[in-house]
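User: I am new to reading protein models. Could you walk me through this one, feature by feature?

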Amino acid sequence: MKLMWILVLGAALKSTEGAMTEAQMKAALKLIRNVCQPKNKATDAQIAAMHNGDWNQDKNGMCYMNCVLNYYKLQLPDNSFDWETGLKVVESQAPPSMAGFIMETIKSCKDAVKTGDDKCKAALEITKCLYDQNPEKYFLP
């Protein structure tokens with residue numbers, strides 16, 4: 001599974017500008033979801049609820065978001081948001097049409113973690129903040 005992830009992500013990154021197209025980003029996010037969802041036993045309903053602003057999640061939903069953030073190395077060992085790495089990832093990988101608002105969203109959430117002793121709760125706090133900044137353009141899987 002890891003090899004498939006590396007191959008798909010590597011192919012997605014081979015656009016002429018170095019950044020993914022929107023279609024490539026969508027495919028990469030789908031792959032992350034396909035890895036993280038079964039690993040954490042998050043249901044389609046839980047993920048859909050988060051995409052609709054319902055962040056009242058059990059451990060499975062919270063840990064799904066931890067898995068998503070960890071694929072991009074966006075959560076530090078102390079469970080805080082590695083927003084600086086987030087900016088670098090966006091600069092190098094996000095489609096130009098999305099990079100600006102994603103970078104502003106990330107900057108707005110650099111201090112989102114309030115529950116540093118639980119990696120899954122911390123991940124949910126980060127992703128909820130990202131969602132709350134611009135629900136219509138929420139970009140995580």
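User: How much of the contact in this protein links residues 24 or more positions apart?

Analyst: Contact means heavy atoms within 4.5 Å. Among the contacts in the protein with a separation of 6 or more, 60% join residues 24 or more positions apart. A word on the source: this is a predicted model, where local features need pLDDT of at least 70 and side-chain atom pairs count only at pLDDT 80 or more, while totals for chains, interfaces and linings use all residues. Residues are numbered from 1 along each chain as its sequence is written, and side-chain values use heavy atoms, with hydrogens and water left out.

User: How many helices and strands are there in the protein?

Analyst: Helices (H or I, at least four residues) and strands (E, at least two) are DSSP runs, numbered from the N terminus. Here there are seven helices and zero strands, which gives the pattern α-α-α-α-α-α-α along the sequence.

User: At what angle do helix α4 and helix α7 pack?

Analyst: Axes are lines fitted to C-alpha atoms, for helices over the stretch in contact, and angles run from 0 to 180 degrees between N-to-C directions. Angles under 35 degrees count as roughly parallel, over 145 as roughly antiparallel, 65 to 115 as roughly perpendicular and the rest as oblique. Helix α4 (residues 59-71) meets helix α7 (residues 119-133) at about 75°, and their axes are 7 Å apart. The two helices, α4 and α7, are therefore roughly perpendicular. On the α4 side the contact includes Met-62, Cys-63 and Leu-69, and on the α7 side it includes Ala-123, Leu-124 and Ile-126. By class, this contact has eight nonpolar, two polar and three charged residues. (Ala, Val, Leu, Ile, Met, Phe, Trp, Tyr, Cys and Pro count as nonpolar, Asp, Glu, Lys and Arg as charged, and the others, Gly among them, as polar.)

User: Is Lys-73 buried or exposed? And what about Asn-79, buried or exposed?

Analyst: Buried means under 20% relative accessible area, exposed over 50%, and partly exposed in between (1.4 Å probe, protein chains only). Lys-73 is exposed, at 61%, whereas Asn-79 is buried, at 12%. Lys-73 sits in the loop between α4 and α5 (83-93), and Asn-79 lies in the loop between α4 and α5 too. Phi is positive for Lys-73, near 55°, and for Asn-79, near 75°. Across the protein, 51% of the 141 residues are buried.

User: What is the volume of the largest cavity, and which residues lie nearest its centre?

Analyst: Rolling a probe the size of a water molecule over the atoms shows where empty space is left. On a 1 Å grid over the protein atoms alone, a cavity is a set of points where a 1.4 Å probe fits but cannot get out; a pocket is an open set with protein on both sides within 12 Å along at least five of seven lines; lining residues have an atom within 4 Å of a point. Grid points are joined across faces, edges and corners, and a volume is the space filled by probe spheres set on the points. The largest cavity has a volume of about 220 Å³. Of its 18 lining residues, Met-25, Tyr-72, Val-89, Val-90 and Phe-139 lie nearest the centre. Its lining has 16 nonpolar, two polar and no charged residues, and α5 gives the most, four residues.

User: How much space lies in the largest pocket?

Analyst: The largest pocket holds about 310 Å³ of space. Among the residues closest to its centre are Lys-26 and Tyr-138. Its lining has eight nonpolar, one polar and five charged residues, and α2 supplies the largest share, six residues.
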